[in-house]
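Keep the viewer open and follow along.

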Amino acid sequence: MEATEIRRTVELEDRHWWYRERRAILARELRRLGTPGRALDVGAAGGGNTRVLVQHGWDALVADYSETAVELARGRGLKAIHADARDLPLPDGSFDLVLALDVLEHIEEDGRAARELLRVLRPGGTALISVPCDMTLWSAHDVASGHVRRYTYDGLYALLTAQGLTIDRVWSWNVLLRPVVARRRKHTSGSDVMETPRLVNLGLTAVIMLERYLPVKSLPGVSLIARAHRPRQ
């Protein structure tokens, strides 16, 4: 992700509907995990999700390839290191939880990155991974965001299991707004990460929050989320 895109994300993420709901999903998963431990947020940009980890009692570390991201994360009081997701400068089995939220799609060698997630997890540790879904949604937004690909359910499942992770669950996210996203991105010429008018932001927030209560997670969405773990043996 380019420095300008990272800075734009940091400026928007506290109030933008998409980032806020992704943080809410993360918070629910953290409550499910229970007792906090050590966590690594790979490709964390400015650390918006890392702050959720810290708020829930986790000893969290940002690892990002961008020096801009590391600088911004440290400016927020977070621990951060410069690191390549394909070759993390961290010991084997040193984390209880690893996040890679919208990271793998930026990396040509996504298998190497997924293998590193496994390596730094302790046996039994959890990985939370999100990626954009479905190449039929490919658009100028993906190009501007530095994406290499979008994923299918089967493709993400195969990628993670091939590297040794055990899948606990894969589900779709941003399902209700998929038709709107598909239509909009046919006519955009760049990233759609931008300031949203307040009333529109409130409306989109209401729609995306509605997914929490509807049985739509098996339907096609804009993103996929996977929860996986490193086997104990």
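A word on ground rules comes first. This is a predicted model, in which local features need pLDDT of at least 70 and side-chain atom pairs count only at pLDDT 80 or more, while totals for chains, interfaces and linings use all residues. Residues are numbered from 1 along each chain as its sequence is written, and side-chain values use heavy atoms, with hydrogens and water left out.

In soluble globular proteins, nonpolar side chains tend to be buried together. Here the largest nonpolar core has 34 residues, and L40, I129, L156 and L160 have the most contacts inside it. Such a core is a set of buried Ala, Val, Leu, Ile, Met, Phe, Trp, Tyr and Cys residues joined through side-chain atoms within 4.5 Å. Among the elements that each supply at least two residues of this core are strand 1 (38–42), strand 2 (59–64), strand 4 (95–101), helix 7 (153–162) and strand 7 (223–229). Helix 5 gives the largest share, 5 residues. Helices (H or I, at least four residues) and strands (E, at least two) are DSSP runs, numbered from the N terminus. "Buried" means under 20% relative accessible area, "exposed" over 50%, and "partly exposed" in between (1.4 Å probe, protein chains only).

Leaving aside neighbours within four places in sequence, L160 is in contact (heavy atoms within 4.5 Å) with L104, A114, I129, L165, I167 and A226.

Next, turn to helix 4 (residues 67–75), where T68, A69, V70, L72 and A73 are buried. What do the buried residues of helix 4 pack against? They pack against helix 1 (3–12), strand 2 and strand 3 (79–82). The N-terminal end of helix 4 is capped by S66, with a side-chain oxygen 3.1 Å from the backbone nitrogen of T68. After helix 4 comes G77, which has a positive phi near 85°.

Now for the charged pairs. A salt bridge is a side-chain nitrogen of Lys or Arg within 4 Å of a carboxyl oxygen of Asp or Glu, and by this rule the count comes to 19. One of them joins the side chains of D14 and R51 at 2.5 Å, N to O. D14 sits in the loop between helix 1 and helix 2 (17–33) and R51 in helix 3, so this pair ties together parts 37 residues apart in sequence. D14 is partly exposed at 42% relative accessibility, and R51 is partly exposed at 23%.

Another salt bridge links D59 and K79 at 2.4 Å, N to O. D59 belongs to strand 2 and K79 to strand 3, so the pair ties together parts that are 20 residues apart in sequence. There is also a network of salt bridges linking D84, R86, E109 and R112.

With R178 in helix 8 and D134 in the loop between strand 5 and helix 6, the pair ties together parts that are 44 residues apart in sequence. A45 lies in the loop between strand 1 and helix 3 (48–55) and counts as buried at 12% relative accessibility.

Helix 9 (residues 198–210) contains R198, which is exposed at 63% relative accessibility. The C-alpha atoms of R198 and R15 are 9.3 Å apart, although 183 residues separate them along the chain. N201 is also in helix 9, but is buried at 11%. Its side chain reaches the backbone oxygen of R15 at 2.8 Å. Beyond neighbours within four places in sequence, N201 is in contact with R15, H16, W17 and T196.

How values were computed. Polar contact = N/O pair within 3.5 Å; in protein donor to acceptor, adjacent residues only side chain to side chain.
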